[in-house]
2 protein chains.
Amino acid sequence: MDASGQSPYSHRMDATTSTRKLGRRPKAVGGEAAREAILDAAERLFAARGFNGVTVRHIGEAAGVDPALAHYYFATKRGVFDAVFLRRAPPLNAERERLLDELEARPADEVTPADVIAAFVEPALERWAHGGPGWKAYLALVAQVNNTPEWGGETMTRYFDPVVHRVIALMRRCLPDAHDVDLYWCYHFLSGALTLTLAETGRIDRLSGGACASSDYPAVSTRLPEAMAAAFVAVTARGRASDR
Amino acid sequence: MDASGQSPYSHRMDATTSTRKLGRRPKAVGGEAAREAILDAAERLFAARGFNGVTVRHIGEAAGVDPALAHYYFATKRGVFDAVFLRRAPPLNAERERLLDELEARPADEVTPADVIAAFVEPALERWAHGGPGWKAYLALVAQVNNTPEWGGETMTRYFDPVVHRVIALMRRCLPDAHDVDLYWCYHFLSGALTLTLAETGRIDRLSGGACASSDYPAVSTRLPEAMAAAFVAVTARGRASDR
DNA sequence: GTCTATAACTGGATAGAC
DNA sequence: GTCTATCCAGTTATAGAC
């Protein structure tokens, strides 16, 4: 039943992520540097294996610092996780807000649903493609949290809902006859499509026999806004009388 | 930073899922019953907290059987997980195949993209809504795995790709001018939208201020095929000359 | 088939030396 | 600020009684 023979769930680190005793990093310690090294390593490990799949010892090893420092700076393992999640949310959302401001300043009839969607997804996709491994890991982590029952929905709400409410409001301006329930469900579908992309699981590569690549930014950037804009238009177009 | 005060990552079981010493089950042991009880409990716990967030002891407690039985029947914790994942994939995919057979038997011009999508998503949504807590948990687990980097894509490939290839083939028949790359990407978006729904994180409830419910089967069933069919049509409609 | 007991180990966290 | 040493609760897994 197991194809690889190597359990993907074990705590063991694989060759590419482990750090040999001769630290891979320039041992760039010295106060703030250690703190950042811990966050970078934790970001990568949490994204790859989830909160419970990572140990404080792994983080210390990967960061090239003593594991006890994680407790010194962040008190608990959960503190490390929260710091990771918090670090990149503000810059990401700030750029989304900026693009949404621009759309809001334009006349309503010069803004398309695809424009609104692009303002929401492009800041994420652009960092995912060109922001370096830190952003890649962070966005994969967001994708995982978004699909996590129990606390996932609550966590996403806390960090990302304000900007989503602006997306809905702008979409309402583009599609004045739309019912709010339809807008929310379409946003939900958009969120799922975006986060599966950011998770970069490699499934589409295998499925397509290599014709598509999980990491192909232009392919996503050109298709996702167009696809989901059509979804918004189709679902909100009809007069839907009965709805919960 | 933590809103709830109660860590959602801890191994502690909450009141609704824990089992007091006076087992909640009728202690329905006796060979096969214990095996099934273990699978049911593991399914629920893995779905809620992921592989590493669950212990064999938790599973035994929740199932009302001795934890050592999990090893007796499944050898390892990973064996339990694989058995959970395997159990419900065949019946789900069998019904998808049946519905796809029906569509394939019809003339091409009487099959719409929404029909193809419905044949793929309805068997999952129907069980999610009316299949009981076991199916709910199983589908939430699939959603989590689908968005898991490293081994998630590989696992989904193993269990679900055959039926997806049929979906793509039927879609190709509906949209004969479509490029395969576009079809694969649109399936990818569909997969993300579907699995976020199955994860049922409660985010849309909070986001919409209660106007939408994560668990609203009719709301999803009427909108998802329509939304994603429009996405397929929009993306594949144009002649796209240059594509990786 | 089921459960008790325990082996063998790893987890988060901390006290205190440097 | 950093690291060593360590606590001890909790982990998977198994041997062997019943």
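**Close-up views of a DNA surface and a domain interface**

**View 1. Helix 3 of chain B leads the surface near DNA strand C.** With four residues, helix 3 of chain B supplies the largest share of the surface near DNA strand C. The model is predicted. By class, the surface holds seven nonpolar, six polar and three charged residues. Sugar or phosphate accounts for 64% of the DNA strand C atoms within 4 Å of the protein; bases make up the rest.

**View 2. Phosphate oxygens of DNA strand C beside both protein chains.** In chain A, a polar backbone atom of Lys77(A) is 2.8 Å from a phosphate oxygen. In chain B, Asp66(B) places a backbone N or O atom 3.4 Å from a phosphate oxygen. Tyr73(B) uses its side chain: a polar atom there lies 2.6 Å from a phosphate oxygen. Elements giving two or more residues to this surface are helix 2 (56-63) and helix 3 (68-74) of chain A, plus helix 3 (68-74) of chain B.

**View 3. Domain 1 of chain A against domain 2 of chain A.** Domain 1 spans 8-75 and domain 2 spans 88-237. Six residues of domain 1 are in contact with seven of domain 2. About 480 Å² is buried between them, 57% of it from carbon and sulfur atoms. On the domain 1 side, Glu43(A), Phe46(A) and Ala47(A) lose the most area, together 78% of what that side buries.

**View 4. The salt bridge between Glu43(A) and Arg88(A).** Their side chains meet at 2.8 Å, N to O. The domain 1 residues that touch domain 2 are two nonpolar, one polar and three charged.

Definitions and conventions. Residues numbered from 1 in each chain as written. Chains lettered and ligands numbered in written order. Predicted model: local features only at pLDDT ≥ 70, side-chain atom pairs only at ≥ 80, totals over all residues. Heavy atoms only, no water. Domains from an automatic or database assignment. Contact = heavy atoms within 4.5 Å. Buried area = accessible area lost by both parts, 1.4 Å probe. Salt bridge = Lys/Arg side-chain N within 4 Å of Asp/Glu carboxyl O. Nonpolar A, V, L, I, M, F, W, Y, C, P; charged D, E, K, R; others polar. Near = heavy atom within 4 Å. Polar contact = N/O pair within 3.5 Å; in protein donor to acceptor, adjacent residues only side chain to side chain.
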